[in-house]
Amino acid sequence: MEAEVVGTLSVEDGCLRLISREGGILYTPIWPPDYVLQPGEPAVVVDPAGGELARVGEDVYLNGGEVQSLSGRDDLLDPNVQEQVAQVCPGPYWIVGDQLQRDPSMP
């Protein structure tokens, strides 16, 4: 999970998505534990300390990696969360690593 992606956060069919700048791939981000999406206009991704990480409509830089399916990826995500996400939000998925920034020009 050492890849990088820069893109714009959006909401598509009720799912938070990331539209990659390169290739226009529409990912469903899988955030690290304790990150929360707070609904609103715009929706906001909040880090474990309660700080605002990013807003829908903003560009972000994320490291991590792409997976096509969450099935069998217990090493990456709790199986109950896997099932809930996969039922609602389609892949491909971007497993978000430990580098998350609002300003994609500063990875």
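Visitor: Which residue in the turn between S2 and S3 has a positive phi?

Guide: Note that this is a predicted model. S2 and strand S3, residues 26-30, pair in the antiparallel sense over 2 bridges, and Ile19 stands opposite Leu26 in S3. The two strands form a hairpin with 5 residues between them. The turn residue with a positive phi, about 95°, is Gly23.

Visitor: Which residue has a positive phi in the turn between S1 and S2?

Guide: S1 and S2 run antiparallel and are joined by 6 bridges, with Glu12 opposite Cys15 in S2. They form a hairpin with 2 residues between them. Most residues other than glycine have a negative phi. The turn residue with a positive phi of about 50° is Asp13.

Visitor: Is Asp13 buried or exposed?

Guide: Asp13 is found in the loop between S1 and strand S2, residues 15-20. Exposed requires a relative accessible area over 50%. Asp13 has 81%, so the residue is exposed.

Visitor: How many residues of S2 are buried?

Guide: Residues count as buried under 20% relative accessible area. S2 is mostly covered by that criterion. Of its 6 residues, the number buried is 5.

Visitor: In what order do the strands of the barrel run?

Guide: The barrel is closed and has 5 strands, with mixed pairing. From one strand to the next, the twist averages 55°. The order is S1-S2-S3-S8-S7.

Visitor: What is the relative accessibility of Leu9?

Guide: Leu9 has its place in strand S1. Beyond its neighbours within four places in sequence, Leu9 is in contact with a list of residues including Leu16, Leu18, Trp31, Val45, Val56 and Val60. Leu9 counts as buried because its relative accessibility is 1%.

Visitor: How far apart in space are Leu9 and Val44?

Guide: In sequence, Leu9 and Val44 are 35 residues apart. Taken from C-alpha to C-alpha, their separation in space is 9.8 Å.

Visitor: Which cysteine is joined to Cys15 by a disulfide?

Guide: Sulfur atoms within 2.5 Å count as a disulfide, and by this rule the count comes to 1. The S to S distance of the pair is 2.1 Å. Both cysteines of the pair are buried. The partner of Cys15 is Cys89.

Visitor: How many residues apart in sequence are the parts that this disulfide ties together?

Guide: The torsion about the S-S bond of Cys15 and Cys89 is about -95°, so the disulfide is left-handed. Cys15 lies in strand S2, whereas Cys89 lies in the loop between H1 and S8. The pair therefore ties together parts whose separation in sequence, in residues, is 74.

Visitor: Which residue is joined to Pro92 by a cis peptide bond?

Guide: Pro92 lies in the loop between helix H1, residues 79-88, and strand S8, residues 93-101. Pro92 is also among the residues that Thr28 touches. The cis bond has an omega of about 5°, and the residue joined to Pro92 is Gly91.

Visitor: What is the omega of the cis peptide bond between Glu41 and Pro42?

Guide: Most peptide bonds are trans. Pro42 lies in the loop between strand S4, residues 36-38, and strand S5, residues 44-46. The bond joining Glu41 and Pro42 is cis, with an omega of about 0°.

Definitions and conventions. Residues numbered from 1 in each chain as written. Predicted model: local features only at pLDDT ≥ 70, side-chain atom pairs only at ≥ 80, totals over all residues. Heavy atoms only, no water. Pairing = 2+ DSSP bridges. Helix = DSSP H or I, 4+ residues; strand = E, 2+ residues; numbered from the N terminus. Axes fitted to C-alpha atoms, helices over the stretch in contact; angles between N-to-C directions. Buried < 20%, exposed > 50% of the residue type's maximum accessible area, 1.4 Å probe, protein only. Contact = heavy atoms within 4.5 Å.
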